[in-house]
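Welcome to my notebook. I opened this structure to look up a few things, and here is what I wrote down along the way.

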Amino acid sequence: MSSVRKCVLKSLSNSNQIELPHSKQVFVGRGPETEIVDTKLSKRQVSLVADVVACTVVAHCLGGNPSVADGVTFKNGDKFKLNNNSKLELLAGKHIYEVKFSPIPFQDRVDKTMQDPDLPVNNDVDCQKTKNTNGNNEYRNLKTNRDNEECQILTKENVESQNPSKKMEAGNGSAASLSTKSYDENVWESIDQDKLLIYSTKGLRSSNKIASYDMDGTIILTKSGKVFPVDKDDWRLFSPVVKTELRKLHESGFKIVIFTNQAGISRGKTKVPDFKFKVEKIANTLEVPVQVFVATSEDKYRKPVPGMWEVLIQKKNDGLDYSESECFFVGDAAGRVENWAPKKKKDFSCADRLFALNIGITFHTPDAHFLKLPEGKFALPGFNPSLLFSNNVSIADKEIVSKSKEVVVMVGSPGSGKSFFANTYLVKAGYSYVNRDSLGSWQRCVSSMESALHGGRSVVIDNTNPDEETRKRYIDVAVKLNTPCRCFLMNSTIEHARHNNKFRQLVGDPHVPVNTIIINSYGKKFVPPMLKEGFTDIVKVNFLPKFDDPEREKLYRMYLLEK
């Protein structure tokens with residue numbers, strides 16, 4: 001296939017243009033790429049897969065509200081084809097885009113030539129409809145170069161066979177897009193050096209409708225009544241209803257998937273053979289095909305980070321897209337508060353609810369899903385990372401870089417963004433950088449600070465400096481050398497700092513990981529800085545990360561902490 005032809009989705013209201021690479025799935029909806037903020041539009045309103053050989057785009061409506069293509073309305077779950085010049089209204093009458101192939105497809109040029117015989121026709125990588133002797137429409141892909149010409153006839157059946165096998169099957173619920181493939185036997189797989197284990201049972205088929213569950217406390221409980229199982233046989237189903245409910249969902253075209261955090265495996269507390277034995281027994285008891293994802297470490301696969309879900313959709317669902325409105329997750333780590341039901345303790349975590357929020361699918365507790373009981377009152381974490389971006393000002397009405405020599409003492413917990421801010425704004429402006437992590441002791445920090453000031457340079461002290469005693473060491477030197485000293489206080493909560501620290505671990509940031517104990521210890525030591533300590537000003541800094549990589553920004557905006 002020639003790399004000459006391209007396909008783009010071009011906005012008719014602005015200069016926005018989205019490239020649709022050959023055979024690559026692209027999601028279009030509300031978000032930064034389209035610059036659309038309309039809340040009636042799903043973040044994944046439609047998925048588009050372009051075929052630059054056939055000059056078509058296969059579209060799949062995923063949003064809760066209908067989309068319109070060439071005047072025809074399509075609702076959630078519908079699939080349709082777009083051609084060159086097709087008009088796609090993401091919402092009826094709004095957010096209108098046009099499909100554009102370049103160079104222009106052969107048939108379009110033929111149509112124009114019939115209207116204008118003098119219009120030249122170019123035969124490079126074109127799609128041409130012909131008729132064979134039996135009267136069946138066929139698609140001819142013509143590919144030419146200087147030396148030879150190759151022609152390939154693709155019947156409609158052949159075109160379909162080149163794409164992931166899909167078909168629509170109606171069950172008790174709405175139609176589901178199901179793979180014709182199924183597992184012939186039970187299979188265990190390992191991904192990323194055993195950080196993720198996947199168990200798929202015989203008869204399992206992929207679907208755009210995913211019914212997903214946590215395992216412990218949701219699909220099963222301990223027989224012993226203890227919080228943690230005493231052995232591999234210490235389990236029973238959450239309720240007899242579990243098997244009935246899963247059977248109904250399976251018959252309605254849902255794929256049944258279990259996502260479970262099992263960090264005890266990486267810590268050596270849980271033996272892999274024992275755990276696999278347990279999973280196999282559970283799957284056999286459920287009596288429906290299931291797929292089980294096991295996060296064995298505290299990394300990108302562990303809930304609430306959606307790493308397991310991403311592997312499911314990208315690698316373990318036969319290329320089928322998923323419908324946000326028809327997928328859900330059920331889990332007992334729901335952030336429910338004390339006495340959410342009479343005499344019920346608060347949930348140990350909110351990881352399951354946050355997992356569903358990060359993905360963008362519906363969440364249920366097992367009590368509500370299986371037993372039809374009330375969901376129960378819950379509380380989300382106080383820190384919501386996505387809300388940070390509603391305030392796009394780091395420092396309001398303050399001059400960050402001084403025109404004259406000065407000392408800046410940073411104050412903030414580990415992970416609060418001190419180093420990012422100091423390096424982004426001050427070090428780049430010529431400030432000498434003093435940091436205890438690199439110098440080893442506060443005495444060396446003081447010495448380095450004095451040397452820089454004697455050399456005529458401003459200095460930024462990038463340490464936590466939680467209390468008056470630690471700050472005084474640097475203020476005294478500034479006073480002795482008659483240099484103004486400002487305090488830059490990171491306006492970040494402990495939860496925000498923990499989020500930053502977790503994000504660094506997930507993306508492999510070179511920062512030394514800091515555990516929660518150290519961050520909490522800072523909180524206990526912290527004493528708010530005051531002007532009477534000797535500061536000429538105290539500036540509060542709102543930490544606002546900057547990203548060149550949209551995938552990193554997407555991850556940062558998610559809930560990363562379990563509670």
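A cut-off to start with: I call a residue buried under 20% relative accessible area, exposed over 50%, and partly exposed in between. I also keep in mind that this is a predicted model.

I looked up Glu533 and found a relative accessible area of 14%, so Glu533 is buried. Its partner in a salt bridge is Arg471, at 3.0 Å from N to O. The two sit 62 residues apart, Arg471 in helix H11 and Glu533 in the loop between helix H13 and strand S29. Arg471 has 0% relative accessibility, so I note Arg471 as buried too.

Entry two, another pair. I found Lys316 and Glu189 in a salt bridge of 2.4 Å, N to O. This pair also links distant parts of the chain, 127 residues apart. Lys316 counts as buried at 15%, while Glu189 is partly exposed at 23%. In total I count 18 salt bridges.

Glu189 lies in strand S16, which runs antiparallel to strand S17 and is joined to it by five bridges. I saw that Val187 has Ser200 as its bridge partner in S17. Four residues lie between the strands of this hairpin, and Asp192 takes a positive phi near 60 degrees.

The largest holds about 90 Å³, and its lining includes Phe383, His499 and Tyr559. By class, I list six nonpolar, two polar and two charged residues in that lining.

Technical notes
Residues numbered from 1 in each chain as written. Predicted model: local features only at pLDDT ≥ 70, side-chain atom pairs only at ≥ 80, totals over all residues. Heavy atoms only, no water. 1 Å grid on protein atoms, 1.4 Å probe; cavity = no way out; pocket = protein on both sides within 12 Å on 5 of 7 lines; lining within 4 Å. Points joined across faces, edges and corners; volume = space filled by probe spheres on them. Nonpolar A, V, L, I, M, F, W, Y, C, P; charged D, E, K, R; others polar. Pairing = 2+ DSSP bridges. Salt bridge = Lys/Arg side-chain N within 4 Å of Asp/Glu carboxyl O. Buried < 20%, exposed > 50% of the residue type's maximum accessible area, 1.4 Å probe, protein only.
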